[in-house]
Amino acid sequence: MQPTTSNRIRSVVIVGGGTAGWMTAAALGRVLGRDYADIRLIESDAIGTVGVGEATIPQINIFNRMLGIAEDDFVRRTKGSFKLGIEFVDWGALGTRYFHPFGHYGIDMEGVSFHSFWMRMAKSGAFADVEDFSLMARAARGGKFMRPIDAGNSPLSGIAYAFHFDAGLYAAYLREYAEAKGVSRTEGRINAVERDGESGNISHLLLESGERVDGELFIDCSGFGGLVIGKTLGVPYRDWSRWLPCDRAVAVPCERLADLPPYTRSTARTAGWQWRIPLQHRIGNGHVYASDYISDDEAAAQLLGSLDGEPLADPRFLKFTTGHRARFWERNCVSIGLSAGFLEPLESTSIWMIQTGIARLLSNFPDRRFAAAERDRYNRQMIEESEFIRDFLILHYHATRRGDSDFWNYCRTMAIPERLAEKLRIWRSTGRAFREHEELFNDTSWFAVMLGQGVEVERYDPLADILSYDELTARMEHIRQAMANSADYMPSHDRYIAENCAA
Ligand code: FAD
C-alpha cells in the first residue's frame, strides 16, 4: 500500500468571497484539486465586498501562470488594461512629478549598478532625465504598450507589466475558475463562528439559514471585520497609523479617457492622495486621506473637483486602519486579505499580500495537528513582508519638501522606523539604493522613489569612476538611444488592447 499522511486536512472553509476569498479558492482548487480536500467558500451578497483594489504589480503574472489562465481572456473579461508603473504628482513638492517604473533603468556595467553611473552623470549635469533610461517610463509617457518579445539584448525583451482590472469582474472571473476546479460556494450570512471546547480550534460556522458548516482549516477572507481571526479568536491588530496616518478613502468611477494611459496615477493632495486607475469601460478614482486633517465632505469635494470625466456613481466612503494582525495564522485559521491587515494602496500591494499569503500557506501547508513550527514561520514571514512594504510607503510621505498643510508638516517631521532611516542615510551619503533581504521592492523601486521625492545625495558611489568619463558618456548615450528606439517601436496601449483583448 502507498503511504499517505493520516492527518491530512480533508475540508477547507474559506470565509468570504472578495478578491482574497476567490484568489484563495482558485489557488487551492488548482493545487489541491477535487480529491485532496473538500473546499467550500461562504460569502454574503447582502454584506458585499470592499469593491476597490484594481491596480496590481508585476508579481501577479506569477499567480496567473500558476493558475494557467489565458491572459488575453483575463484582461478582456475583467475589462482590464496594462500597467507599466505609477506616476507620482506633487509628492516631493508641489509642481513636481516622477514615474516609478516596473523593470529596471539602463543596465549595470562592469559589476557596478546603472544607478551609480547615472548619479555620476547627473552630478556633472549630463543625462539629467532618468526616465530616458527606463523603457517602461518612456512607453508610459508616450501611451505605448506591448508584452515583451524575444529580441535578444533589446530592452523589448525586458518589458515588465501588471494590470488594472475591475475588482468585481476579477472576483467573478476567479469564481468561475475555482468552481470549475471543484470549489463549492454557499451564499449566506454567517451568524456565528463556533470553537471546539477542548482544543479551542474553530469547529464550525452557523449560517443565517440555519445551516452548519464544519471544517478543519478555516481561511478568514472576511475583509476588514476579521470575523474569525479577530472577532472570534481575538488576535489583536497592530496599528501603524502613526507612520501612515491616512485612514479613509472616498471612491468614485468616472467616464473613461479617450486614450487609455498604461499606468496608475497618484496625485498628492493636502491631506492624502488621489488615485486614477484607467480601465476599458471607466476610470477608477479615489481619494485616500487622513480624517484628522480633512473632513469627509472636503475630501469628496477635492476628488469630484479633479476627475477626468463625468462621475458614473455616487462617491463611496471607506474607513480603515493601516496595520496588521499580531498573528496572521492562529490555531486552525489563516487570515488572508483585509482581515489580516491593510497597507494603504499607494503602491498597489494588497493583492500581492493576498498572493504571497496563499503561496506561503501552500509552502507551510498544515495537517490536522497544526504544528506550531509551520504557523510560527508563516507568521514571521508575513510580518516581515508587511514591515518592508510599510517602510517603502512611509518613504513617500516622509521624504517631501511639502509644508503647505498640517498633514505634510506632520509626515515630513515624524519619527520613522530605524531601517528606513538607515536607507535614507546611505542614500544621502552615496546615492546607493538597495533591496534588503527578500523585500518586495528592489533597488530600482527604492532608487526611483528616493530620487523622485527629491532626497538629496551628497556624493556619488565611488565605484562609478571605474569607467572614464568619455567611455561612460558614450555608453550612456547608447543606452538612451536603445530605450528611445524601443519605445518608438511599441504600439499605442489602445491599439494593443483593441488588437488583443478588447472587452
Ligand atoms: P472584501 O472585499 O471586504 O471581502 C470580504 C468578503 O467576506 C465578502 O465576500 C463578504 O461578503 C464576506 N463576509 C464578511 N462577513 C461575512 C459574514 N458575516 N457572512 C458571510 N460573508 C461575510 N489592493 C491592491 O492590490 N491594489 C489597489 O489598487 C488597491 N486599492 C485599494 C483602495 C482602497 C481604498 C482600499 C480600502 C483597498 C485597496 N486595495 C488595493 C486592497 C484590496 O481592495 C483588497 O486587498 C482586496 O479587495 C481584498 O479584499 P478582501 O477580499 O479581503 O475583503
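1. Basis. The model is predicted, with local features requiring pLDDT of at least 70 and side-chain atom pairs counted only at pLDDT 80 or more, while totals for chains, interfaces and linings use all residues. Residues are numbered from 1 along each chain as its sequence is written, and side-chain values use heavy atoms, with hydrogens and water left out.

2. Ligand shell. The ligand is surrounded by 34 residues, a residue being counted if one of its heavy atoms lies within 4 Å. The closest are Gly 17, Ala 55, Ile 190, Leu 338 and Ile 351. By class, the shell holds 17 nonpolar, 14 polar (Gly is placed here) and three charged residues.

3. Origin of the shell. Helices H1 (19–36) and H9 (350–363) each supply at least two shell residues; helices are DSSP runs of H or I with at least four residues, and strands are E runs of at least two. H9 gives the largest share, three residues.

4. A backbone N or O atom of Ile 190 lies 2.8 Å from a ligand nitrogen. Ligand oxygen atoms lie 3.1 Å from a backbone N or O atom of Gly 48 and 2.8 Å from a polar backbone atom of Ile 351. The protein covers 95% of the 1,000 Å² of accessible area that the ligand has on its own (Shrake-Rupley method, 1.4 Å probe).

5. Glu 216. This residue sits in the loop between strands S10 (212–214) and S11 (217–220).

How values were computed. Polar contact = N/O pair within 3.5 Å; in protein donor to acceptor, adjacent residues only side chain to side chain.
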